[in-house]
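I opened a notebook for this structure. Here is what I looked up, entry by entry.

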Amino acid sequence: MTTATQVDAAGGVFSGDESGGGRWSEAFRRLRRNPVAILGAVLVLLFVLVAIFAPWLAPHDPQEQLLLGEVRPGFVPGPREGFPLGVDSLGRDELSRLLYGSRQSLLVGIVSTLLGLSLGLLLGGLAGAFGGRVDNVLMRVTDLMLSIPGLLTAITITVILGPSLTSVMIAIAIVNVPIFARLLRGSMLAQRDADYVLAARSIGLRRRTIVLSHIVPNSLGPVIVQATLTLATSIIDAAALSFLGLGNQDGTPEWGQMLAEAQDLLGTRAALAFYPCIAIVIAALGFTLLGEALREALDPKFRR
Amino acid sequence: MSSVVDPVGRDGSAGPAGRDDAADPADRGPAGSTAAGSTAAGSTAVGPTAAGVAAAGEPAAPLLSARGLEVHFPIRRGLILDRTIGHVRAVDGVDLDLPRGGTYGLVGESGCGKSTLGRALLRLVEPTAGTVTMDGVDVLALKGEALRMQRRRMQMVFQDPLSSLDPRQSVESILSEPLQTHRVVSGSAARATRVRELLDTVGLPASAAGRYPHEFSGGQRQRIGIARAVALEPALIIADEPVSALDVSIQAQIVNLLEELQERLGLTYLVIAHDLAVVRHISDVIGVMYLGVVVEQTASRRLYTEPLHPYTRALMSAVPIPDPDLEDSRQRILLSGDLPSPANPPSGCRFRTRCPWVQETRCADEVPPLREVRPDHVVACHWAEQIDAGEIRPRADAIV
Amino acid sequence: MSLLEVEDLSVVFSRRGRRDVRAVDGVSFSVDAGQTLGVVGESGSGKSVTSLAIMGLLPRRGAAVGGEVTFGGRKLLGMRRDELRDLRGKELAMIFQDPLSALNPVVPIGRQVTEVLTRHRGMTGTDARREAARLLDLVGIPDPDRRLREYPHQLSGGMRQRALIAMAVACQPKLLIADEPTTALDVTIQAQILELLKELVRQEGTALVLITHDLGVVAGLCDRVNVMYSGRIVEAADRRTLFVDPRHPYTTGLLGSIPRLDSAEGAPLLPIPGSPTDTLPWSSACAFAPRCARSLEVCTTVTPDLEPDGRRALRCHNPVPAEEAAAVGAEGRRE
């Protein structure tokens, strides 16, 4: 049942399992044992490696219209020698565009998540730490934001800022702010009444110390899980915005945009739409699996 | 301590009356007011100092005194405007004296306000009325830094040792934190030494320092909680159900540790518990709480041999004793119904709705004051003497 | 043949990536109609798992149940699921420690009680409602008609436990298993509930298995007592023998470590060192040896057997001698 390791003066024995480390290292141990986590991690790693090494992996320049001579109205691109996945309707190499597209997705995912996370943590932290009126005002604002569909908000923001990659990142970040803020605040409120916070007060810790070194760190678990999941949704949202033509305008390959371009060819060359879809799904799935596994690893209900 | 509030002075005031409590008749000086004094005031008054009761012939000023302590929580309703529609009277006028170096046991069932009272004394919950004086310091008047400093002197031990320890902190960090914040020990090396010392004090090996709460068993975690409480060398420790979450075979270890520490460090305890046997074992004086008020208070041996309040009698008779012959022959007083809502306590005597001895007169319309029915034995019951003498019999169906 | 016969019951929990846990190991006992058996133990003693195994409530995956459980001549282990479901609630009933989580929070009490009556006694409509009200009245819930319309959260803890008992006894079960039925309740409420259970055994002839950590509760209610430690019975005896003349060091340890309301002033508590998790494997030792003051060399190398000895059965290489037992036992500790 237990691994008795050491007898103490009271005749007791430390009765933990393998021992060592706090909650996070324990969660990490559980993660390593979870096949879902491993799969998620492999997919994410694959995605990141492809993004980093795209210039070396891609057989062609993704922007170059290699078959310019053949492109004319009614041109049906297809697989051909030297282009494993064929060319798109403008005569560019599909594989190279897919590989390069991962860079955009990763960039948007990370930047918008981090931006949304930091703003969300700030607002949620303020609400959770001060409570009362501050909390009330901040939470009504987030309620308002959450009551409008996220994509609609994102589209509106991108249109206002003008279509570009930066606008997409800002828009997605803003959509995620209330989610993070609510989560951290709720989690902090739950911690605020915990006995160890009362204990911290009773030993005379300063309020600031209690919030920053006890309440916030113990409230971060669900937020980190959410951030991992948000990486996935950001990638999907970014693809959606590009699909609508609100992303980069300079022809840099982007999965959502590729999907939009392939739309006209759905009847004749469905594969061109299929490839970016698969890429989006794999990247999003990796983060989702990892996030869910992390949730499980951190949730005491799954412990044993 | 001359600075201790003189409760006699308050007797005539509108607030809940107090009484000086040089409990032993011998010690009762001219200042010691009589039972009559508080009866006259006609509100929940208080009992003898525990100190006097505790160690006869050792009159000492109490370490901590509370007078007329109230904690009322507002009940709020409404979606937009938070209207206060009433108050939960968790603690409703309690006077208390904690004997210096002794143990005061506070018993009562869930919802009686005993935990809230303990927290209010430590200002972990803000009292809504009353005074708390500790060594001449008006605890309720302290603010900010002064309150923080006062916390060094009064500490708490919690019921659930796991939830009262931050899961992310190692034992080292848990025990260093109070030392650091109060700058008791400066320098990390000195702190580490002190942490080892504390661990040794509570019977844990030095190697425990590097470990995390979840790696320990329940009893060991409670030892860590106790080590944290004594780290600042407080004068007072309030232990809220210190053993009730532990396995039966562990409880005695913790009770013994608490007693040993009291002896070694000269601590004063307020032990809050629902388990009468544990409280009787550890306490010098016991106060019984019901629905926000103290209904009986006396020396712990007395309370068992001659309980005077009907509620105490019922409570005592309900505690199972691991002795089959005794269990078979014992009479049990069964209370009917449940605890009334503390938001809307019964008029007159709060216990009357469940009391097997309830009388048609007085109980419903007169609040029974805490009065000294026997020397050092205060009871809030109009009929305590008659019940004790057997002149008033309980309802027959309440006895089994 | 007794109403319930448990023969060599064992429960092994297995989880991927973890060592198997023998939660219950070779447990045998029997209970007759109108009898009360107490099962006493701390966390990890296997007392609750024993009851869940009897009721067939352990998950089928991950928990391997071995041995034989016979109830009224029928074998419970390996019984078809639907057969077992018919038996549960009708002839076999159970009440749990936490009455709130055992009741469905979104269904009124009345519907939860009538459900049982409909399923097992074929009652419907007003008949069922009237019977439900009668049952609530029987377990001492005042104003039953109103209570039937209320939801679990509107009832106090004691009321909820009564409602659960009402549901458990709705079909006059032959066997009632109560797992820590009063642990979550206050002592005055506990006294009411225990009195109710006592009445049930006396009047209806129900067999009761009472699982608890509280020796006091056992002393007042049970005919026989099994003391369990780390999955095995270490001492089994009739109530008087166990309390007056306890022989297993764990039993005497428990009795010596709990304060009694009537014990002599200043009598010290004699704790058992260590914690219930400090065990040796039963397969090659006595699990209690690491905490035992009477532990010998043999205790760490040879498994003690549960040896019948007149009025009791004892699993110990070095039992407590009679004189010492008397001092720690019920009579010795009276004031």
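**Entry: a residue in chain C.** I began with C:Asp143, which is partly exposed at a relative accessible area of 41% (buried is under 20%, exposed over 50%, partly exposed in between, with a 1.4 Å probe and protein chains only). I placed C:Asp143 in the loop between helix H5 (125–138) and helix H6 (144–149) of chain C. Helices (H or I, at least four residues) and strands (E, at least two) are DSSP runs, numbered from the N terminus. Phi of C:Asp143 is near 55°, which is positive in a residue other than glycine.

**Entry: ground rules.** I noted that this is a predicted model, where local features need pLDDT of at least 70, side-chain atom pairs count only at pLDDT 80 or more, and totals for chains, interfaces and linings use all residues. Residues are numbered from 1 along each chain as its sequence is written, chains are lettered from A and ligands numbered from 1 in the order in which they are written, and side-chain values use heavy atoms, without hydrogens and water.

**Entry: a residue in chain B.** Is B:Asp376 buried or exposed? B:Asp376 counts as buried, at 7% relative accessibility. I found B:Asp376 in the loop between strand E11 (371–374) and strand E12 (377–379) of chain B. B:Asp376 is not a glycine, yet its phi is positive, about 60°.

**Entry: two domains of chain B.** The assignment gives domain 1 (1–73 + 94–135 + 270–400) and domain 2 (139–234); such bounds come from an automatic or database domain assignment. I looked up the contacts: 13 residues of domain 1 of chain B meet twelve residues of domain 2 of chain B (heavy atoms within 4.5 Å).

How much area is buried between domain 1 of chain B and domain 2 of chain B? I read about 1,100 Å², with 62% from carbon and sulfur atoms. Buried area is the accessible area (1.4 Å probe) that two parts lose on being put together, summed over both. On the domain 1 side, B:Leu122, B:Arg123 and B:Met134 lose the most area to domain 2 of chain B, together 60% of what that side buries.

**Entry: charges across the interface.** The rule finds one salt bridge between domain 1 of chain B and domain 2 of chain B (a side-chain nitrogen of Lys or Arg within 4 Å of a carboxyl oxygen of Asp or Glu). I also checked B:Asp135, which forms a salt bridge with B:Arg153; the closest N and O atoms are 2.5 Å apart.
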